[in-house]
Amino acid sequence: MELTGNLVLQAIEMLVVLALAPGLTGLVRKVKARLTRRRGASVLQPYRDLLRLLRKEVVLAENASWLFRVSPYMIFAATWVAAALVPTFAIGLHFNWTADLIALVALLGSARFFLALAGMDVGTSFGGIGSSREMMIGALAEPAMLLMAFTVALVAGSTQLSNIVAFMASGEVGIRVSMGMALIALIIVAIAENARIPVDNPATHLELTMVHEAMVLEYSGRHLAMIEMAASLKLLLYMALIGCVFVPWGIAPADAGISGLALGAALFVIKLAVGGTMLAVFETSIAKMRVFRVPDFLGAALMLGLLGTLLLFVSRSL
Amino acid sequence: MHGLEFDIAHLLAGSLVLVSFMMIYQDRIYALLNTFALQAVLLALAVAWQAWIQEAHHLYASAALALVFKGVIVPWALHRIVQRLGIHREVETVAGVVPTMLAGMGLVALSILLMLQLTAAAENPLAREDLAFALSVILLGMLMMVTRRNAVTQVVGFMSLENGLILAAAGAQGMPLVVEISVAFSVLIAMIVVGVFLFRIRERFDSVDLESLDEFRGERR
């Protein structure tokens, strides 16, 4: 009986994540449009786009291999599982024993692997450029993410997200300069991984500087829907991760009742709205950087993660 | 595990190390000078916090000295010099940013390991932690002096090195105020001397790039 309850709760969590993700993307677009004095499409527009794409037929290139057709589903599945592992409104869900920060990095890494392969599969020049740039960004962002995970794990004594959140919410952390560094490192990594503005422009289809859009240029129909959905999920995942590790207040504990869960869910939606607005403000106030500056930007994240670990080492060994 | 006092001291000293890294990361001279001023303000806060926990009132004076001399006067004077000399806005480095950063991380790891080993006998965790971070700031200042070619940025590296010394002195409990004041004044004197040197170097070579000193073989009349 308890098992069924847990499974139902986990299923609800996965569906909530899936349902909220396009809304978050829509919100970011809307706020960005308003900030540049345009009216912008409705917040619900991404849902409509996805439905339209799902109904349309798929146009495949003649020389596309099976990999090209399989990749969207692999990317979507890996990202969805990763997003389901992050505690969004409650901890102690059924899958949480697998919700490890390192597993999370690995899942996102495999999604990136398929995306890069799919970008090169058809053999267009744009896809190749996009894939090579994506791998360059990934090669720098993943170590930074891992170092940030080590910093957090050293503070909380666990790499399992549920335990980390429980520890952070308990207020035993105190003031830690390392956690501040880890937060900045995670934000930089999140910006780079989600192809947001200083690194990549999510709205462009024309420039030579695009990274993510270049890889998915050949996709259409339901394949494109899968990939767009995965991109929205990834954005939501990073926001939920920042929210649950650094502002864990209001997340329902493992033994919470219905009211606790409802409160957690409401606070989660509020956190997402605040995070999305802040992302939009940040994106409108900054210029896109040259691709060759990106290693410096991500190098700062790597350095912050490493420094955070080192400083923590001092305070722990005293 | 150590309480709030230790946490805040750790926060301030750790931020000093972080700002040292930010100075290595900067590639504009004015931004570098502002970061240096920020480091001096943080240093003043760290020293004042040490004064509060140790109940050593003379350390407040050190904090005030750091704030006035290094947070205001020195950055202002360097701003003036950069303007008067019409130096390039970009910082010229010997190696790239990323290798320098990695070297810096190595230095920080080295100084932390070394200091924690060396001070293992000491009781006070605050002093040990302060000394470890102070050595990191000193080594990062030296690294900055080594990797910059422009004379102004080398001065900034030197001043940041001196910040580390003050941090060490504040943590170690027992540097008399007289020493502190004389150090502050000698830094100012050094600043004036360096300023004069800068103008002389520029007069002779039409640049403040210290590379040209390497090839200089004395006066030719």
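Reader: Which residues does A:M135 touch, not counting residues up to four places away in sequence?

Author: A:M135 touches A:R112 and A:A116 when residues up to four places away in sequence are not counted, where contact means heavy atoms within 4.5 Å. This is a predicted model in which local features need pLDDT of at least 70 and side-chain atom pairs count only at pLDDT 80 or more, while totals for chains, interfaces and linings use all residues. Side-chain values use heavy atoms, with hydrogens and water left out, residues are numbered from 1 along each chain as its sequence is written, and chains are lettered from A and ligands numbered from 1 in the order in which they are written.

Reader: Why is A:M135 called partly exposed?

Author: The relative accessible area of A:M135 is 38%, so the residue is partly exposed; buried means under 20%, exposed over 50%, and partly exposed in between, with a 1.4 Å probe and protein chains only. A:M135 lies in helix α5 (residues 125-156) of chain A, a helix being a DSSP run of H or I with at least four residues.

Reader: What makes α3(A) roughly parallel to α9(A)?

Author: Helix α3 (residues 66-85) of chain A packs against α9(A) at an angle of about 25°, with the axes 9 Å apart. Angles under 35 degrees count as roughly parallel, over 145 as roughly antiparallel, 65 to 115 as roughly perpendicular and the rest as oblique, and therefore α3(A) is roughly parallel to α9(A). Among the residues that make this contact are A:Y73 and A:W80 of α3(A) and A:M226 and A:L233 of α9(A).

Reader: Why is α9(A) called roughly perpendicular to α10(A)?

Author: The axes of helix α9 (residues 221-246) and helix α10 (residues 258-284), both of chain A, come within 10 Å and cross at roughly 110°. That angle makes α9(A) roughly perpendicular to α10(A). The contact includes A:L235 and A:M239 of α9(A), together with A:F268 and A:G275 of α10(A).

Reader: Which residues touch the most other members of the largest nonpolar core?

Author: In this core of 133 residues, they are A:L161, A:L241, A:L307 and B:F21, a nonpolar core being a set of buried Ala, Val, Leu, Ile, Met, Phe, Trp, Tyr and Cys residues joined through side-chain atoms within 4.5 Å. The largest share of the core, 18 residues, comes from α9(A). B:F21 touches A:M303 and A:L307, and also residues of chain B including B:M101 and B:L140. A second, separate core of 28 residues includes B:L32 and B:M159.

Conventions. Axes fitted to C-alpha atoms, helices over the stretch in contact; angles between N-to-C directions. Helix = DSSP H or I, 4+ residues; strand = E, 2+ residues; numbered from the N terminus.
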